[in-house]
Amino acid sequence: MNNTPHLKFFFLNVFLFLIPVFLSAQNSFKVIPLGVKGGADESNLSSYMLAPYNSNDYVCLDAGTLYAGIRKARENGLFRKNIDRVLRENIKGYLISHAHLDHIAGMILNSPDDTSKNIYALPSVIDVLKSHYFTWKSWANFTDEGDPPTLKKYHYVNLAPSIEIDVQHTDMKVTAFSLSHGNPYESTAFLIRSNDNYLLYLGDTGPDEIEKSDKLDNLWKAIAPLIQSKKLKALFIEVSFSNKQPDKALFGHLTPKWLMSEMDSLGVLTGINEMKNFPVVITHIKPLPGNEKLIKKELLNLNQLQLKIIYPRQGKMLKF
């Protein structure tokens with residue numbers, strides 16, 4: 001009896017079964033941290049280059065540090081071209097979560113040498129950039145709005161919460177969500193999509209309970225289905241202080257206990273099992289003496305959800 005047709009049918013079914021498994025194991029995004037700290041060291045402030053894994057067209061998630069971060073990435077072999085060319089050619093735009101200096105200083109200082117780009121932000125963030133930074137009283141106005149003369153290098157794109165738009169000159173789209181950063185001040189979470197894959201980046205934010213807000217709760221409701229469907233590949237979120245920091249002195253930031261409280265809230269929406277091994281990237285650790293070591297210890301002890309906690313390093317690529 002000839003079993004060849006049966007064997008062919010068997011292997012075909014195995015192959016068809018493995019295709020989605022193989023594809024799900026492929027990387028969807030690459031992230032190059034240009035800066036990961038929450039202050040003090042001006043050469044290592046919040047800034048992350050993000051692109052689909054098969055592309056070199058990046059958007060910057062915040063821009064506290066650019067030049068020093070690109071130099072570090074180049075030293076680590078991520079770029080062969082010179083620093084100026086990476087800045088000018090590979091970064092296609094800036095997603096600015098809020099207008100504090102540790103999230104925008106690199107963009108401002110490098111603007112004379114940059115190329116024409118969009119700055120994507122909520123209207124409240126753009127208002128600060130327009131009235132306090134890109135104004136001739138503090139810096140040249142490299143944008144196309146505000147204090148004249150406008151040099152028209154950068155173009156402001158006002159984001160509307162929960163509305164997805166294209167990130168021009170990339171294969172990505174972005175949806176903004178408002179965050180509370182020392183109520184009533186506003187920060188932003190960016191949900192970036194490439195095809196059917198997502199990555200979530202949060203700017204500085206405090207816990208809903210302290211902020212007297214429901215903004216994180218609304219964000220968790222929006223992204224919970226993406227975690228359940230395995231479409232959300234990672235979540236970038238700040239932990240600025242250790243649990244020693246009093247709640248009254250958080251100033252719109254998170255500690256390990258408050259992060260895990262928020263992750264518990266997210267887990268209620270997704271189902272606890274969906275959170276196991278979900279990648280959570282910890283950003284914005286304040287470079288205070290002993291702070292990072294203590295934060296890592298506290299997060300380890302509090303990680304009942306078994307999250308995959310990741311600590312980014314400047315100039316070291318992350319793949320999701």
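Colleague: In which loop of this predicted model is P184 found?
Modeller: The model is a predicted one. The peptide bond from N183 to P184 is cis, with omega near 20 degrees. As for its place, P184 is found in the loop between β8 and β9 (186-194).

Colleague: Where does P149 lie?
Modeller: P149 also takes part in a cis peptide bond, the one from P148 to P149, with omega near 0 degrees. The loop that holds P149 is the one between α5 and β6 (154-158).

Colleague: Is A40 buried or exposed?
Modeller: A40 lies in the loop between β1 and β2 (47-52). Its phi is near 75 degrees, a positive value in a residue other than glycine. The relative accessible area of A40 is 73%, and a residue counts as exposed over 50%. Therefore A40 is exposed.

Colleague: Is H169 buried or exposed?
Modeller: H169 is placed in the loop between β7 and β8. The phi of H169 is positive, near 70 degrees, in a residue other than glycine. With 61% relative accessibility, H169 counts as exposed.

Colleague: Why is T170 classed as buried?
Modeller: T170 lies in the loop between β7 (164-167) and β8 (172-180). Leaving aside neighbours within four places in sequence, T170 is in contact with D57, Y58 and K92. Buried means under 20% relative accessible area. T170 is classed as buried because its relative accessible area is 14%.

Colleague: How far apart in space are T170 and N56, C-alpha to C-alpha?
Modeller: In sequence, T170 and N56 are 114 residues apart. In space, the distance from C-alpha to C-alpha is 8.8 Å.

Colleague: Which elements do the buried residues of α2 pack against?
Modeller: Helix α2 covers residues 67-75, and its buried residues are A68, G69, I70 and A73. Just after α2, G77 takes a positive phi of about 85 degrees. The buried residues of the helix pack against β1 (29-35), α3 (83-90) and β4 (91-95).

Colleague: At which residue does α7 bend?
Modeller: Helix α7 (residues 215-228) has 14 residues and reaches 21 Å from its first C-alpha to its last, close to the 20 Å expected at 1.5 Å a residue. The buried residues of α7 include L216, L219 and W220. After the helix comes K230, whose phi is positive, near 65 degrees. The bend in α7 is about 35 degrees, with the proline P225 following within four residues, and its position is A222.

Colleague: Which helix gives the most to the lining of the second largest pocket?
Modeller: The second largest pocket has a volume of about 170 Å³. Among the residues that line this pocket are H98, H100, S124, V125, V128 and H181. The helix that gives the most to the lining, with three residues, is α5 (residues 123-133).

Conventions. Residues numbered from 1 in each chain as written. Predicted model: local features only at pLDDT ≥ 70, side-chain atom pairs only at ≥ 80, totals over all residues. Heavy atoms only, no water. Buried < 20%, exposed > 50% of the residue type's maximum accessible area, 1.4 Å probe, protein only. Helix = DSSP H or I, 4+ residues; strand = E, 2+ residues; numbered from the N terminus. Contact = heavy atoms within 4.5 Å. Expected span 1.5 Å × (residues − 1). Bend = angle between axes of the 7 residues up to and from the residue. 1 Å grid on protein atoms, 1.4 Å probe; cavity = no way out; pocket = protein on both sides within 12 Å on 5 of 7 lines; lining within 4 Å. Points joined across faces, edges and corners; volume = space filled by probe spheres on them.
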